[in-house]
Number of protein chains: 4
Amino acid sequence: MLIWNEDQRSKDYSHIAETFRPSHADYTYHEKYGNRDYRGGGRSSARETAARVAAGGLAKLFLQKQSINIQAYVSQVGSLKLTKTYQELDLTLIETNAVRCPDPAMAQIMFDYIDGVRKNGDSVGGIITCVIKGVPVGLGEPVFDKLHAELGKAMLSINAVKGFEYGSGFEGVSLLGSAHNDAFYTDENGIVRTKTNHSGGIQGGISNGEDIYFNVAFKPVATIMQDQDSVDVNGDKATVSGKGRHDPCVLPRAVPIVEAMAALVLADFSLRNRLSKV
Amino acid sequence: MLIWNEDQRSKDYSHIAETFRPSHADYTYHEKYGNRDYRGGGRSSARETAARVAAGGLAKLFLQKQSINIQAYVSQVGSLKLTKTYQELDLTLIETNAVRCPDPAMAQIMFDYIDGVRKNGDSVGGIITCVIKGVPVGLGEPVFDKLHAELGKAMLSINAVKGFEYGSGFEGVSLLGSAHNDAFYTDENGIVRTKTNHSGGIQGGISNGEDIYFNVAFKPVATIMQDQDSVDVNGDKATVSGKGRHDPCVLPRAVPIVEAMAALVLADFSLRNRLSKV
Amino acid sequence: MLIWNEDQRSKDYSHIAETFRPSHADYTYHEKYGNRDYRGGGRSSARETAARVAAGGLAKLFLQKQSINIQAYVSQVGSLKLTKTYQELDLTLIETNAVRCPDPAMAQIMFDYIDGVRKNGDSVGGIITCVIKGVPVGLGEPVFDKLHAELGKAMLSINAVKGFEYGSGFEGVSLLGSAHNDAFYTDENGIVRTKTNHSGGIQGGISNGEDIYFNVAFKPVATIMQDQDSVDVNGDKATVSGKGRHDPCVLPRAVPIVEAMAALVLADFSLRNRLSKV
Amino acid sequence: MLIWNEDQRSKDYSHIAETFRPSHADYTYHEKYGNRDYRGGGRSSARETAARVAAGGLAKLFLQKQSINIQAYVSQVGSLKLTKTYQELDLTLIETNAVRCPDPAMAQIMFDYIDGVRKNGDSVGGIITCVIKGVPVGLGEPVFDKLHAELGKAMLSINAVKGFEYGSGFEGVSLLGSAHNDAFYTDENGIVRTKTNHSGGIQGGISNGEDIYFNVAFKPVATIMQDQDSVDVNGDKATVSGKGRHDPCVLPRAVPIVEAMAALVLADFSLRNRLSKV
């Protein structure tokens with residue numbers, strides 16, 4: 001697979017050849033490597049994720065054969081937050097709007113909000129929720145390479161991600177154990193299930209057959225169309241002006257990246273999960 | 001280093017030899033491996049983290065020589081939450097109380113709450129905050145092995161952890177980019193610094209010299225001293241009664257584990273961060 | 001598994017605290033790490049291989065369940081060389097003599113030769129041949145992690161090893177392709193076999209079901225009971241005298257190490273060789 | 001870097017779509033993967049090494065800055081063997097002839113021999129010797145990832161390689177330790193050196209500053225222009241006729257591959273060999 005980077009406009013970035021954009025990777029790359037590609041196409045650009053999405057496409061095909069299905073959607077933009085859980089939403093609507101939010105009314109509100117942010121030359125963050133159905137019991141390793149630990153690392157490796165939680169996540173910390181524990185039962189097909197799913201489909205680092213679901217927090221992207229205080233490569237005070245490409249909210253574009261990274265992690269664990277008959 | 005597991009009482013666990021404790025690793029281990037050590041000392045036990053803490057102790061000595069200092073503390077138990085930031089707290093007080101919370105008044109409240117939970121045979125979760133000072137610019141890799149991605153994986157590999165966020169984390173998603181961006185300036189020693197630190201000391205996956213700080217969410221532990229519905233290894237309905245050891249809140253004990261895992265990650269990156277003079 | 005290093009006599013080595021033994025790891029460790037354990041029990045000691053043999057024992061049990069059997073023997077000591085191939089030898093005789101050579105007459109000659117070398121305070125090298133039967137078709141990876149490449153690395157990681165060859169090895173380079181190629185046929189059980197086995201059971205990096213066999217060359221060990229020219233840690237001329245423990249020929253002791261490393265490699269590939277039904 | 005595979009002639013290979021070429025990877029790939037690319041351009045083709053040579057070119061540039069220099073040459077074709085050591089040869093002559101042998105007279109003899117083999121539709125193997133100068137003291141890891149173990153694995157991962165030896169290699173096994181040991185001395189520049197170099201520049205898995213040298217054995221390539229007995233994918237008897245491209249001796253073409261793999265290994269170790277000042 002080969003993707004030519006044909007849509008670059010290197011001269012758009014000449015104004016930052018010598019200055020560091022706030023909250024970008026400019027300064028850390030400069031200090032660590034002694035050089036950086038300031039022209040928008042370097043390794044710190046989210047363009048790098050195109051390769052992930054391409055590889056994730058293959059992983060998804062591999063997982064489909066095992067009836068594993070991955071769907072992600074935008075569940076929050078700024079402080080606009082879906083209150084319905086994924087079970088209450090119609091996930092077939094995700095791709096029907098530009099925001100990739102399965103609630104059409106909220107999608108419109110989010111769209112208008114993002115548009116307003118764009119007009120102000122600003123940016124905004126949000127949350128992507130991902131749901132994985134059909135995972136068999138047994139994926140994941142018991143100590144360091146727990147299934148959710150690898151999913152977390154994969155998500156945190158995506159540009160602009162600041163947090164990861166699965167199952168009951170940060171909210172679950174306030175619950176008592178008696179309310180949080182997922183009681184087991186045997187369903188009509190003789191399959192062991194849990195009545196609730198605070199575990200998010202993973203117990204002891206290993207999938208238990210229930211849906212896996214998690215949230216990924218994205219910061220507002222650093223590039224804004226406003227003048228900002230900064231320093232140049234000599235440490236002198238400088239102003240970074242707002243030029244170049246500007247995406248006010250990466251959330252909608254990040255949905256396929258989240259799905260791709262989830263697919264890669266699951267495909268890896270599926271391959272590691274050798275059938276036990278030796 | 002060798003730690004004998006001398007304080008085991010295997011017979012305390014005979015009642016779960018054939019049943020699955022809700023939200024434990026019992027069921028997933030049984031399905032994946034065909035066997036599990038139900039006696040409390042198996043690989044899914046948090047006893048496994050003793051090895052991490054021991055190794056982390058060496059890593060801390062190594063980091064101290066580089067003036068890197070790691071401190072973690074309990075910032076939330078149930079819904080009891082410290083409202084002060086780590087800068088507003090006196091971190092030298094962490095070890096002065098059993099809860100490992102640097103606010104003595106809140107520590108007492110948390111202690112009493114945990115004690116009440118214990119008396120009810122229940123359990124409760126919480127949040128640990130970790131602060132790392134003195135990290136030089138340049139630790140971390142640019143694509144998959146970003147510094148925060150490895151920290152996140154390390155934390156998520158600890159028993160009972162459900163979430164990880166660094167810097168502005170989940171709350172930061174609501175901010176606008178203009179408020180979230182950390183403006184650069186040069187301090188009186190000629191060092192490039194940021195005015196705010198929403199980035200949590202990491203930009204583009206690489207440390208920028210500011211404090212690294214992050215939160216780790218722990219669920220209420222699954223073992224409670226109450227009868228719970230479950231199934232046995234044959235899938236038949238069963239009741240798991242509350243026996244064995246019971247720790248109503250692991251947060252205080254998990255503080256050294258969080259520090260140890262952070263130390264191991266930083267030591268690894270320090271070793272990878274080859275000086276550039278070839 | 002735990003092996004206490006109880007039979008150390010550290011004071012035997014005090015004479016080399018400040019000097020470098022020729023052809024030992026003393027000098028390279030000193031330069032690389034700034035310290036070394038000169039007392040005979042450091043990481044460069046072949047005592048380190050005890051852990052390999054212990055782990056290899058587990059790997060062998062795992063492989064036995066798959067009917068994979070590994071046998072190694074001493075095929076050459078100094079220039080005393082077995083002329084029979086492994087097919088012509090009775091490998092059940094390997095453990096009947098101290099040299100671990102399956103030809104009893106040659107074993108006695110080798111034994112006497114080693115004893116003479118010992119009396120002269122000298123040392124001698126040799127070759128170990130290893131045969132692996134019962135390997136299914138399909139172990140090994142196609143590009144970098146070829147089965148023989150991993151076997152070679154494993155053998156070369158053993159102390160004192162200088163060379164590795166499999167199948168026709170170095171001698172095979174003189175053959176013409178028409179003589180070297182292993183013609184395929186189908187045996188009476190319908191299994192595809194080869195008439196000859198110059199390939200040594202591996203084609204394109206992947207096992208083909210025939211016997212795997214290889215040779216491992218061991219140098220004469222560096223420790224001898226003679227005075228030798230050297231330098232001390234200051235670079236000044238020094239004499240290393242012959243003291244401490246002295247094993248004139250490591251070949252017999254290295255047989256289980258070769259088997260253990262082969263078992264570990266095969267166990268790893270067996271675990272990687274996932275059944276293809278997804 | 002991108003190399004288009006433009007010179008393929010897939011139809012040359014239609015005759016082996018259903019039969020297995022003796023001593024090729026056809027059979028093992030078929031059994032392991034269920035499919036193979038019989039058209040000459042699959043993963044088992046030595047065309048795959050083009051990527052290695054390209055990457056090795058970058059590694060060589062990196063090593064040149066550290067004054068590390070790698071040179072390989074053909075030292076044996078069939079039983080035609082150079083008797084001079086690398087020190088006695090003029091390595092600047094390697095690229096002056098098609099065989100890549102630094103002895104012009106022997107190169108001509110080898111050339112004629114290969115040409116005769118070609119006319120007979122046969123193939124022949126040989127040995128490549130590689131010399132690495134300028135390696136600093138300290139490259140390599142002490143236990144499993146010894147410098148020569150990684151070099152050995154790298155060489156054994158090249159198509160058609162059957163053996164690897166470094167320093168005194170297989171011949172050294174006949175020496176006594178008193179003759180094999182490399183005595184240390186301090187040279188006029190105050191550098192610790194060895195009088196002989198049976199160690200091949202590596203002691204205890206770590207480079208000692210002397211020249212590294214090793215031999216790599218290549219079998220006669222499997223493709224020959226003669227009819228050969230084989231079986232087809234159904235296990236039925238079949239004849240593989242001699243068609244398609246035919247390279248009677250890969251040794252000259254393999255010289256840059258050996259150099260490239262050596263460069264990649266050394267570049268990796270150089271990056272791992274962190275300066276000790278922390």
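Colleague: What do the buried residues of H2(A) pack against?

Modeller: In this predicted model, they pack against three elements of chain A, namely strand E1 (69–77), helix H4 (147–156) and helix H6 (251–272), where contact means heavy atoms within 4.5 Å. Residues are numbered from 1 along each chain as its sequence is written, while chains are lettered from A and ligands numbered from 1 in the order in which they are written. Local features need pLDDT of at least 70, side-chain atom pairs count only at pLDDT 80 or more, and totals for chains, interfaces and linings use all residues, with side-chain values resting on heavy atoms, hydrogens and water being left out.

Colleague: Which residues of H2(A) are buried?

Modeller: They are A:Thr49, A:Arg52, A:Gly56, A:Ala59 and A:Leu63, the word buried standing for under 20% relative accessible area with a 1.4 Å probe and protein chains only. In chain A as a whole, buried residues make up 55% of the 278 residues.

Colleague: What makes the reach of helix H2 of chain A close to the expected one?

Modeller: The expected span is 1.5 Å times one less than the number of residues; for the 16 residues of H2 (49–64) of chain A this gives 22 Å, and the helix reaches 22 Å from its first C-alpha to its last.

Colleague: How many helices and strands does the secondary structure of chain A come to?

Modeller: Chain A has six helices and eleven strands, counted as DSSP runs numbered from the N terminus, with at least four residues of H or I for a helix and at least two of E for a strand.

Colleague: Why is C:Ser23 counted as buried?

Modeller: The relative accessibility of C:Ser23 is 5%, and therefore this residue counts as buried. C:Ser23 lies in the segment before helix H1 (26–33) of chain C, and its phi is near 65°, a positive value in a residue other than glycine. Another such positive value belongs to C:Ala160, with phi near 80°, in the loop between helix H4 (147–156) and strand E4 (161–166) of chain C.

Colleague: Which strands are the edge strands of the open sheet?

Modeller: The sheet has ten strands in the order E2(C)-E1(C)-E3(C)-E9(C)-E4(C)-E4(D)-E9(D)-E3(D)-E1(D)-E2(D), with antiparallel pairing. Its edge strands are E2 (80–81) of chain C and E2 (80–81) of chain D, each of which pairs on one side only.

Colleague: How do you know that strand E3 and strand E9 of chain C pair?

Modeller: Two strands pair if DSSP finds at least two bridges between them, and E3 (126–133) and E9 (212–218) of chain C are joined in the antiparallel sense over seven bridges. Within this pair, C:Cys130 stands opposite C:Phe214.

Colleague: At what angle do helix H4 and helix H6 of chain B pack?

Modeller: H4 (147–156) and H6 (251–272) of chain B pack at about 145°, with axes 9 Å apart, the axes being lines fitted to C-alpha atoms over the stretch in contact, and the angles running from 0 to 180 degrees between N-to-C directions. Among the residues making the contact are B:Leu151 of H4(B) and B:Phe269 of H6(B).

Colleague: Why are the two copies said to be related as by a two-fold rotation axis?

Modeller: Chain B can be laid on chain A with an RMSD of 0.0 Å by a turn of 180° and a shift of 0.0 Å along the axis, and the two copies are thus related as by a two-fold rotation axis. The same surface serves both copies, since 100% of the contact residues of chain B recur in chain A. The superposition is by least squares on the C-alpha atoms of residues with pLDDT of at least 70 in both copies.

Note on methods: Buried < 20%, exposed > 50% of the residue type's maximum accessible area, 1.4 Å probe, protein only.
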